Amino acid sequence: MKTDIAKLLQRKKKQIFENWVAAQLADSNLRDELMSNEELRSQSDELLDVLLKTINNDNLSDVYSQAFEPVREILAGISVFRAKNGYTPTETGLYVFGLKEAFLQAIQGEMKSDLPGMIEVTFRMNKLMDHLAIDTFDTFIKGREEVILRQTDEITEISTPVIRVWDGILALPIIGTLDSSRTQVVMENLLQEIVVSGSTIAILDISGVPAVDSLVAQHLIKTVAATRLMGAECIISGIRPEIAQTVVHLGIDLSSIVTKATLASALRHAFTMLKLEVKRVQREKSI
Amino acid sequence: MTIEKEQDVVPFRNRVKEHAVKIGMSILNQTKLITAASELVRNMLKYAGGGVTTIEVLSKGRENGIRVVFQDKGPGIKDIKQAMQDGFSTGKSLGVGLPGAKRLVSEFDIKSIPGEGTTVTIIKWKNG
């Protein structure tokens, strides 16, 4: 006689659930600071409930069938939730494997008399849960990737500030590598700010750019050209000695652009261009 | 290391730098090597859509150095002599990439078969 796994598990649901949750709570690595026990219980209950409703003898071997869609959806939800809340992949994996163990315990306890049947059922359950676990890993990584993408966006946002250092003088510290998309952002911000502030001088500081190759140089030249079209003058500062030598060896011609070693000397140059003078005021000695 | 997209350039450069630091290369030579590698890897991305790079530490007598090999299966270069000239570019760039990279490193070798791909090998000695 073939045992109906679904019925068996359905009958044992309560026990499976308790075993599973107990095992999770007993684990010394339980992260109760990340999720409360009640939350864990309700999450586990939901998953088990839907999973048991879905399982029947026919679809057991095909996790990717239509019927398993809701199960995978819930698992994906749990997985993404865990990824975002700082669980490790191992913990998320063990969560699903823990359920597998609880299932197998129940099956073993129930089918002692039917050894070949038990082996068969165990084998199929194993396979099913393994697939679900792999699926969880997939979504876990996707969840992490979302986090990374969001951070990348944030970095591009914050890494291109335009600073008004003086009336009519803008400074733009560039940190990191200048690629096409960064240049686009830098150029947009700079040109926009030139219009808004009515500045006539822009200082591009490249102290934070690790390497200047021909592509970066080309982007710089383009930015300078665009600034000039807007009627503003552009100074490039923060050129380190090794960068200077490299640029010369590469054969890039930056002679048409005003370049300075430090932001301070660029600022001084800008003051001269604006015919401003910075003086140390001699204080009268107090009596 | 496989290079497929623009985001691979920065990690690749960091790898080159790690190797250069390991053999104790000076900052200047490090920068030269990294810039040359960066030029070549960008060429690879732009014209061949990616390829494979290998970074090795070499030693010759008392001299240590780093060899980087860039291998792609792109369209290849028809006229290497022309490509090695300053200011020549089939794309819309400055045209200093290949000749510039050659000037930045100690040894430079380029082999290209049109239709099959290009292999560029550069060596930078620690004190070269």
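In β3(B), which residue is the bridge partner of B:I55? The partner is B:V68. The pair belongs to a predicted model, in which local features need pLDDT of at least 70, side-chain atom pairs count only at pLDDT 80 or more, and totals for chains, interfaces and linings use all residues. Residues are numbered from 1 along each chain as its sequence is written, while chains are lettered from A and ligands numbered from 1 in the order in which they are written. Helices (H or I, at least four residues) and strands (E, at least two) are DSSP runs, numbered from the N terminus.

The sheet of chain B is described first. It is an open sheet of five strands in the order β1-β2-β3-β5-β4, with antiparallel pairing. Two strands pair if DSSP finds at least two bridges between them. The edge strands of this sheet are β1 and β4 (107-113) of chain B, each of which pairs on one side only. Strand β1(B), residues 2-3, is joined by two bridges to β2(B), residues 51-60, and the two run antiparallel. Here B:T2 has B:V52 as its bridge partner. Nine bridges then connect β2(B) with β3(B), residues 63-72, again in antiparallel fashion. These two strands form a hairpin with two residues between them. In the turn, B:G61 has a positive phi of about 65°. B:S112 finds its bridge partner, B:T118, in β5(B). Strands of a sheet pair through backbone hydrogen bonds, either parallel or antiparallel.

α1(B) lies across β1, β2 and β3 of chain B and runs at about 5° to β2(B). Axes are lines fitted to C-alpha atoms, for helices over the stretch in contact, and angles run from 0 to 180 degrees between N-to-C directions. α2(B) and α4(B) pack at an angle of about 155°, with their axes 9 Å apart. They are therefore roughly antiparallel to each other; angles under 35 degrees count as roughly parallel, over 145 as roughly antiparallel, 65 to 115 as roughly perpendicular and the rest as oblique. Their crossing is left-handed. A crossing has this hand if the near helix is turned anticlockwise from the far one by less than a right angle, and is right-handed if clockwise. From α2(B), the contact uses B:K32, B:T35, B:A36, B:E39, B:L40 and B:N43. From α4(B), it uses B:G97, B:G100, B:A101 and B:L104. Two residues are in contact if their C-beta atoms, placed from the backbone, lie within 7 Å. Four residues of this helix contact are nonpolar, four polar and two charged. In this scheme Ala, Val, Leu, Ile, Met, Phe, Trp, Tyr, Cys and Pro count as nonpolar, Asp, Glu, Lys and Arg as charged, and the others, Gly among them, as polar.

Chain A also holds an open sheet of five strands, in the order β1-β2-β3-β4-β5, but its pairing is mixed. Its edge strands, β1 (163-166) and β5 (258-259), each pair on one side only. Three bridges join β1(A) to β2(A), residues 169-175, and the two run antiparallel. A:I163 stands opposite A:A171 of β2(A). Helix α7(A), residues 180-197, packs on the sheet and touches β1, β2 and β3 (201-208) of chain A. Its direction makes about 165° with that of β2(A). Helix α8(A), residues 214-229, lies across β3 and β4 (233-237) of chain A, at about 150° to β4(A).

α7(A) and α8(A) pack at an angle of about 20°, with their axes 10 Å apart. They are therefore roughly parallel to each other. α7(A) passes α8(A) in a right-handed crossing. The contact is made by A:T183, A:V186, A:M187, A:L190, A:L191 and A:I194 of α7(A), together with A:H219, A:T223, A:A226 and A:T227 of α8(A). Six of the contact residues are nonpolar, four are polar and none is charged.

The two chains meet at an interface. Here 21 residues of chain B are in contact with 16 residues of chain A. On chain B, α1 (9-22), α2 (27-48) and α4 (97-104) each supply at least two residues of the side that touches chain A. The largest share, nine residues, comes from α2(B). By class, this side of chain B has eight nonpolar, six polar and seven charged residues.
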